[in-house]
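Please consult the sequence and the structure below before reading on.

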Amino acid sequence: MRVTKGAARRRAKKRLFKEARGNYGGRSKLLRTVKETIVRSRAYAYRDRRVRKREFRALWITRITAACRERGTNYSQFINGLSKAGITLNRKSLSELAISQPQVFDEIVKAAQAALAA
(Lines give C-alpha, C1' and ligand atoms only; values in the text may rest on other atoms or scores of the structure.)
Protein backbone atom coordinates (compact mmCIF):
# COMPACT_ATOMS: atom_id res chain seq x y z
CA MET A 1 0.00 0.00 0.00
CA ARG A 2 1.02 3.59 -0.62
CA VAL A 3 1.86 5.52 2.54
CA THR A 4 0.98 9.23 2.59
CA LYS A 5 3.11 10.21 5.63
CA GLY A 6 0.19 12.33 6.85
CA ALA A 7 1.31 13.58 10.24
CA ALA A 8 5.04 13.65 9.43
CA ARG A 9 4.53 15.57 6.20
CA ARG A 10 2.20 18.07 7.89
CA ARG A 11 4.77 18.61 10.64
CA ALA A 12 7.54 19.17 8.06
CA LYS A 13 5.41 21.64 6.10
CA LYS A 14 4.43 23.49 9.28
CA ARG A 15 8.09 23.87 10.17
CA LEU A 16 8.88 25.30 6.73
CA PHE A 17 5.90 27.66 6.70
CA LYS A 18 6.75 28.85 10.20
CA GLU A 19 10.29 29.71 9.08
CA ALA A 20 8.98 31.57 6.00
CA ARG A 21 6.40 33.57 7.93
CA GLY A 22 6.51 37.30 7.22
CA ASN A 23 7.60 36.95 3.60
CA TYR A 24 5.56 38.52 0.82
CA GLY A 25 2.89 36.64 -1.13
CA GLY A 26 3.71 33.15 -2.32
CA ARG A 27 7.01 33.22 -0.46
CA SER A 28 5.03 32.47 2.70
CA LYS A 29 2.08 30.54 1.21
CA LEU A 30 3.27 28.13 -1.52
CA LEU A 31 5.36 25.13 -0.55
CA ARG A 32 7.78 25.12 -3.48
CA THR A 33 8.38 28.86 -3.24
CA VAL A 34 8.74 28.62 0.53
CA LYS A 35 11.47 25.99 0.13
CA GLU A 36 13.39 28.21 -2.30
CA THR A 37 12.97 31.20 -0.01
CA ILE A 38 14.26 29.33 3.03
CA VAL A 39 17.32 28.01 1.18
CA ARG A 40 18.15 31.55 0.05
CA SER A 41 17.47 33.09 3.46
CA ARG A 42 19.73 30.56 5.19
CA ALA A 43 22.50 31.31 2.71
CA TYR A 44 22.14 35.05 3.37
CA ALA A 45 22.09 34.45 7.12
CA TYR A 46 25.31 32.41 6.96
CA ARG A 47 27.03 35.02 4.80
CA ASP A 48 25.83 37.99 6.82
CA ARG A 49 26.96 36.59 10.15
CA ARG A 50 30.45 37.11 8.78
CA VAL A 51 29.67 40.43 7.09
CA ARG A 52 28.36 41.80 10.40
CA LYS A 53 31.82 41.35 11.94
CA ARG A 54 33.41 43.29 9.07
CA GLU A 55 30.87 46.09 9.39
CA PHE A 56 31.45 46.46 13.12
CA ARG A 57 35.22 46.59 12.63
CA ALA A 58 34.74 49.32 10.00
CA LEU A 59 32.51 51.25 12.43
CA TRP A 60 35.09 51.03 15.22
CA ILE A 61 37.84 52.20 12.88
CA THR A 62 35.71 55.15 11.76
CA ARG A 63 35.08 56.15 15.38
CA ILE A 64 38.77 55.87 16.28
CA THR A 65 39.72 57.89 13.19
CA ALA A 66 37.36 60.71 14.17
CA ALA A 67 38.65 60.74 17.75
CA CYS A 68 42.27 60.76 16.59
CA ARG A 69 41.70 63.65 14.19
CA GLU A 70 40.23 65.70 17.05
CA ARG A 71 43.50 65.14 18.88
CA GLY A 72 45.77 66.12 15.99
CA THR A 73 46.87 62.75 14.66
CA ASN A 74 45.57 60.26 12.15
CA TYR A 75 44.47 56.65 12.49
CA SER A 76 47.50 54.95 10.94
CA GLN A 77 50.00 56.91 13.03
CA PHE A 78 47.94 56.23 16.14
CA ILE A 79 47.83 52.46 15.54
CA ASN A 80 51.55 52.43 14.72
CA GLY A 81 52.28 54.34 17.92
CA LEU A 82 50.18 51.91 19.94
CA SER A 83 52.13 48.94 18.62
CA LYS A 84 55.46 50.65 19.32
CA ALA A 85 54.29 51.58 22.83
CA GLY A 86 53.25 47.99 23.48
CA ILE A 87 49.60 48.86 24.10
CA THR A 88 47.44 45.93 23.02
CA LEU A 89 43.88 47.23 23.05
CA ASN A 90 41.55 46.07 20.32
CA ARG A 91 39.61 48.46 18.12
CA LYS A 92 36.31 47.77 19.84
CA SER A 93 37.61 48.83 23.25
CA LEU A 94 39.45 51.81 21.77
CA SER A 95 36.26 53.09 20.13
CA GLU A 96 34.32 52.61 23.38
CA LEU A 97 37.00 54.55 25.27
CA ALA A 98 36.92 57.34 22.67
CA ILE A 99 33.16 57.70 23.16
CA SER A 100 32.59 57.06 26.86
CA GLN A 101 35.92 58.12 28.45
CA PRO A 102 37.64 60.73 26.29
CA GLN A 103 40.18 61.65 28.99
CA VAL A 104 41.49 58.06 29.03
CA PHE A 105 41.64 58.07 25.24
CA ASP A 106 43.65 61.33 25.43
CA GLU A 107 46.26 59.58 27.57
CA ILE A 108 46.44 56.66 25.14
CA VAL A 109 46.94 59.05 22.21
CA LYS A 110 49.72 60.85 24.11
CA ALA A 111 51.40 57.53 24.86
CA ALA A 112 51.19 56.53 21.19
CA GLN A 113 52.61 59.89 20.05
CA ALA A 114 55.44 59.63 22.59
CA ALA A 115 56.31 56.16 21.31
CA LEU A 116 56.39 57.47 17.73
CA ALA A 117 58.65 60.37 18.70
CA ALA A 118 61.09 58.10 20.52
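The points that follow are grouped by topic. The model is predicted. The protein chain contains 5 helices and 0 strands, and its radius of gyration is 26 Å, whereas a compact globule of 118 residues would have a value near 13 Å.

**Fold and dimensions**
- Along the sequence, the elements of the protein chain occur in the pattern α-α-α-α-α.
- Taken along the principal axes, the box filled by the C-alpha atoms of the protein chain is roughly 85 × 25 × 20 Å.
- Among contacts in the protein chain with a separation of 6 or more, 48% are between residues 24 or more positions apart.

- Buried residues make up 21% of the 118 residues of the protein chain.
- The protein chain has an accessible surface of about 9000 Å², and carbon and sulfur atoms contribute 53% of this area.

- Helix 4, which spans residues 91–100, includes L94.
- L94 counts as buried because its relative accessibility is 0%, and the cut-off for a buried residue is under 20%.
- Apart from neighbours within four places in sequence, the contacts of L94 are I64, F78, L82, L89, F105 and I108.
- F105, one of these contacts of L94, lies 11 residues from L94 along the chain, with 7.5 Å between the C-alpha atoms of the two residues.

Technical notes. Residues are numbered from 1 along each chain as its sequence is written. This is a predicted model: local features need pLDDT of at least 70, side-chain atom pairs count only at pLDDT 80 or more; totals for chains, interfaces and linings use all residues. Side-chain values use heavy atoms; hydrogens and water are left out. Helices (H or I, at least four residues) and strands (E, at least two) are DSSP runs, numbered from the N terminus. The radius of gyration is taken over C-alpha atoms; the globule rule is 2.2 Å times the number of residues to the power 0.38. Buried means under 20% relative accessible area, exposed over 50%, partly exposed in between (1.4 Å probe, protein chains only). Contact means heavy atoms within 4.5 Å. Accessible areas come from the Shrake-Rupley method with a 1.4 Å probe; for residues, only the protein chains shown count as cover.
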